[in-house]
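User: I have a structure to go through for class. Can you take me through it?

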Amino acid sequence: MSTTVEALSTRQQTMADQLRQLPRAFWMLNLMEMLERLAYYGVRVVIPIYIAQADEINGLHFTQSQKGFIFMLWALVQTGVPVFSGGFADRYGYKRTIAASIAIKVVGYLLMATQREFWPFTIGCLVLAFGTAIFKPGLWGSLLLQLDKRNSSIGWGAFYMLVNIGGFFGPPLAHFLYGVSWPAVFYGCAVIVSLNFAMLFTYPDVAAGGVQSGGVLRVAATTLRNLARPRLA
């Protein structure tokens, strides 16, 4: 009977009621993700023009093949690294991992703003991709621990809504900063993502999910063993 009453009570809650019940840390983490996406898409949507558009006066004027090569390496780093970086987030703590990723992303933006030769600029793109790749496990691990089976649906729905808001305002931001200069696009996004340093002080850290012992090699070995599990394939 008590289970039935609880279920009826849950169904009678409005969406606003459910959102109000989500913990403060959940909203802080969402804001961090929104700022990260705002900065990221502020660069990602305009960078093809900067790299290879022939009539862009202040662009890099690389070839289309060079642009494709940069994007290929970018995709490999940004999608491949999280497979391994999640274990390090569990080992060394989510807040520490997020802080490291923010610092790396800022360095990536600054390199992209200041480097105009092919390989130095490409390295800047890959540094940004690497920082993005290690940002996700720390933030998502923290976010997961703020939710349970009662609020996970509304929680993840709100999360992706705010992610999309950040992505939506990225292109207008890029257009505004481009009106100043191309370096301003990268500097501006570096400033925006660095705001997440302050956000780290707005919520308590949560215990990471992995074993809190062992060095880098042990974490890497554990990750490889987990990847070798047949059910993962």
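Analyst: One term to begin with: two residues meet, or are in contact, when heavy atoms of theirs lie within 4.5 Å. Also, this is a predicted model.

User: OK. Which residues of α5 meet which residues of α6?

Analyst: On the α5 side they are V77, Q78, T79 and G80. On the α6 side they are P82, V83 and F84. By class, that contact has four nonpolar, three polar and no charged residues.

User: And at what angle do the axes of α5 and α6 cross?

Analyst: At roughly 35 degrees, and the two axes come within 6 Å.

User: New topic. How many residues are in the largest nonpolar core?

Analyst: The largest nonpolar core has 51 residues. I47, W74, Y109, M112 and F121 have the most contacts inside it. Several helices supply at least two residues each, including α3 (24-44), α7 (94-114) and α8 (118-144).

User: Which helix gives the most to this core?

Analyst: α3, with ten residues.

User: What does Y109 touch?

Analyst: Leaving out residues up to four places away in sequence, Y109 touches A39, Y40, V43, L128, F186, C189, A190 and V193. Y109 is also one of the buried residues of α7, as are I98, I102 and M112.

User: What do the buried residues of α7 pack against?

Analyst: They pack against α3, α4, α5, α6, α8 and α10.

User: How far apart are the end C-alpha atoms of α7?

Analyst: They are 31 Å apart. At 1.5 Å a residue, the 21 residues of α7 should span 30 Å, so the two values agree.

Technical notes:
Residues are numbered from 1 along each chain as its sequence is written. This is a predicted model: local features need pLDDT of at least 70, side-chain atom pairs count only at pLDDT 80 or more; totals for chains, interfaces and linings use all residues. Side-chain values use heavy atoms; hydrogens and water are left out. A nonpolar core is a set of buried Ala, Val, Leu, Ile, Met, Phe, Trp, Tyr and Cys residues joined through side-chain atoms within 4.5 Å. Buried means under 20% relative accessible area, exposed over 50%, partly exposed in between (1.4 Å probe, protein chains only). Helices (H or I, at least four residues) and strands (E, at least two) are DSSP runs, numbered from the N terminus. The expected span of a helix is 1.5 Å times one less than its number of residues. Axes are lines fitted to C-alpha atoms, for helices over the stretch in contact, and angles run from 0 to 180 degrees between N-to-C directions. Ala, Val, Leu, Ile, Met, Phe, Trp, Tyr, Cys and Pro count as nonpolar, Asp, Glu, Lys and Arg as charged, and the others, Gly among them, as polar.
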